[in-house]
Amino acid sequence: MSFKNLELDEALLKALDTQGYTNPTPIQKQAIPVVLSGKDLLGVAQTGTGKTAAFGLPILQLLNEKKSSNRGIRSLILTPTRELAIQIDESLEAYGKHTRLSHSVIFGGVSQHSQVQKLKRGVDILVATPGRLLDLMNQGFINLKSLEIFVLDEADRMLDMGFIHDVKKVIKSLPEKRQTLFFSATMPEEIQNLAKMMLKNPVKVEVTPPSSTVDKIQQRVYFTNKPDKRKLLLHLLESNGIETALVFTRTKHGADKVARFLDKAKIRSAAIHGNKSQNARQNALNNFKDGKLNVLVATDIAARGIDIDELTHVFNFDLPNVPETYVHRIGRTGRAGNEGIAISFCAADERKELKDIEKLASIKIPVIDGHPYPMDLNAEPAPAAQNRNRNNRQSSRRR
Ligand code: AMP
């Protein structure tokens with residue numbers, strides 16, 4: 001099936017052609033006709049499935065077809081992180097090149113001045129993170145009275161990141177009569193309730209990227225000692241001549257330490273995480289995309305929305321506690337039909353995390369032996385939780 005079968009306008013087809021997209025992805029195939037028909041949509045899909053175009057293309061088409069006399073915001077796309085917001089805005093720019101629609105993006109952490117100036121000039125489609133949106137609404141710079149289409153993107157992340165109250169506040173200020181598109185990678189109960197509250201007779205579309213995306217990615221695990229992880233990373237980067245790698249650490253501090261270590265070893269690296277300014281994060285991301293940096297070390301939240309087609313390697317420097325996060329992380333590679341390699345380091349106290357990941361993905365990740373930094377099997381294993389608790393109790397009794 002090609003995009004032509006989806007009854008998209010010439011203006012959009014031309015833009016898609018420039019992007020080099022010929023066939024719609026599964027979420028696009030299912031969602032575009034629903035959105036074009038004016039119905040509400042519940043999309044269960046994660047980043048990497050092509051969901052931005054799945055809502056972006058039909059929104060551009062609907063708004064472009066139906067000229068509006070008012071100068072208010074006609075579509076609002078609410079997304080949890082600045083990086084995602086910027087990426088959605090860039091996609092709208094690319095897909096909407098041949099339309100007359102205007103779009104803009106607002107997010108926190110930077111001065112509001114230029115964002116406000118753009119809003120004053122009039123914006124058809126606004127991409128926003130919740131905090132800055134509410135802030136500018138409260139200051140009277142944003143009015144959503146003429147809104148026609150609302151998109152809630154990554155609803156489950158909104159919940160994880162503590163934005164759900166802000167999201168509910170935004171929803172209260174939307175007109176009753178509107179089309180709503182709701183996207184979430186997972187559907188925990190609170191998200192199901194939110195969807196029920198917001199959507200009217202929605203059509204549900206669901207894609208299952210975890211296994212299909214993950215199938216294409218070669219996965220490996222190296223058992224090692226915690227203090228040796230940085231040396232092992234350096235060894236693997238150097239001995240395999242790896243040009244682009246995204247490295248995930250559990251903590252911000254850990255990300256900084258790894259980036260500093262690699263930089264000292266003359267591997268051009270930067271860390272991105274929530275403590276870095278928006279400009280520093282965007283610079284690091286741009287430098288990485290332009291090939292000026294080889295390695296980006298990131299925490300999960302900062303890496304949300306990082307979308308680099310040529311990324312060949314993802315390293316799990318630390319294994320995530322939540323097994324779904326592993327799937328999200330490694331889904332950053334193997335994009336756009338490319339091969340991807342995901343390498344995980346597992347220290348003695350991370351065996352449980354590894355087991356949980358293998359259970360979730362129903363796979364056994366191949367173990368690579370014979371590397372220079374093997375796990376010291378004679379080392380004292382980390383005490384089991386029960387023992388630790390018993391020890392604590394004993395010591396408190398002694399006190
Ligand atoms: P998303 O899930 O929206 O973040 O998209 C993931 C990646 O797929 C992005 O790099 C898009 O540019 C790319 N993409 C989206 N739709 C298509 C398509 N139909 N064909 C090829 N690549 C696409």
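Colleague: Where is asparagine 201 found?
Modeller: Good place to start! This is a predicted model, in which local features need pLDDT of at least 70, side-chain atom pairs count only at pLDDT 80 or more, and totals for chains, interfaces and linings use all residues. Residues are numbered from 1 along each chain as its sequence is written, and side-chain values use heavy atoms, with hydrogens and water left out. Given that helices (H or I, at least four residues) and strands (E, at least two) are DSSP runs numbered from the N terminus, asparagine 201 belongs to the loop between α9 (189-198) and β7.

Colleague: Is asparagine 201 buried or exposed?
Modeller: Buried means under 20% relative accessible area, exposed means over 50%, and partly exposed is in between (1.4 Å probe, protein chains only). Asparagine 201 has a relative accessible area of 72%, so it counts as exposed.

Colleague: And what is the phi of glutamate 154?
Modeller: Glutamate 154 sits in the loop between β5 (149-152) and α7 (155-160). At 2% relative accessibility, this glutamate is buried. Its phi is positive although the residue is not glycine, with a value near 55°.

Colleague: Which elements do the buried residues of α2 pack against?
Modeller: Helix α2 covers residues 26-36, and its buried residues are Ile27, Gln28, Ala31, Ile32, Val34 and Val35. Just after α2, glycine 38 takes a positive phi of about 90°. Packing here rests on contact, meaning heavy atoms within 4.5 Å. The partners of the buried α2 residues are β1 (41-44), α3 (51-65), β6 (179-184) and β7 (203-206).

Colleague: What percentage of the ligand does the protein bury?
Modeller: Let's look at polar contacts, which are pairs of N or O atoms within 3.5 Å; within protein, one must be able to donate a hydrogen and the other to accept it, and residues adjacent in sequence count only if both atoms are side-chain atoms. A polar side-chain atom of glutamine 28 lies 2.8 Å from a ligand nitrogen, a backbone N or O atom of asparagine 23 lies 2.9 Å from a ligand nitrogen, and a backbone N or O atom of threonine 49 lies 3.0 Å from a ligand oxygen. Accessible areas come from the Shrake-Rupley method with a 1.4 Å probe, and for residues only the protein chains shown count as cover. Taken alone the ligand exposes 500 Å², and the share of that buried by the protein is 83%.

Colleague: At what distance does the side chain of threonine 249 reach the backbone nitrogen of alanine 255?
Modeller: Threonine 249 is placed in the loop between β9 (245-248) and α12 (252-264), and it is buried at 0% relative accessible area. Its side chain reaches the backbone oxygen of threonine 251 at 3.0 Å. For the backbone nitrogen of alanine 255, the distance from that side chain is 3.3 Å.

Colleague: Which strand holds alanine 298?
Modeller: Alanine 298 is buried, with 0% relative accessibility. Leaving aside neighbours within four places in sequence, its contacts include Phe248, Thr249 and Ile272. Alanine 298 has its place, within residues 295-298, in strand β11.

Colleague: Last one: how far apart in space are proline 130 and leucine 293?
Modeller: Proline 130 lies in helix α6 (residues 130-138) and is buried, with a relative accessible area of 1%. Proline 130 and leucine 293 are 163 residues apart in sequence, and their C-alpha to C-alpha distance is 31 Å.
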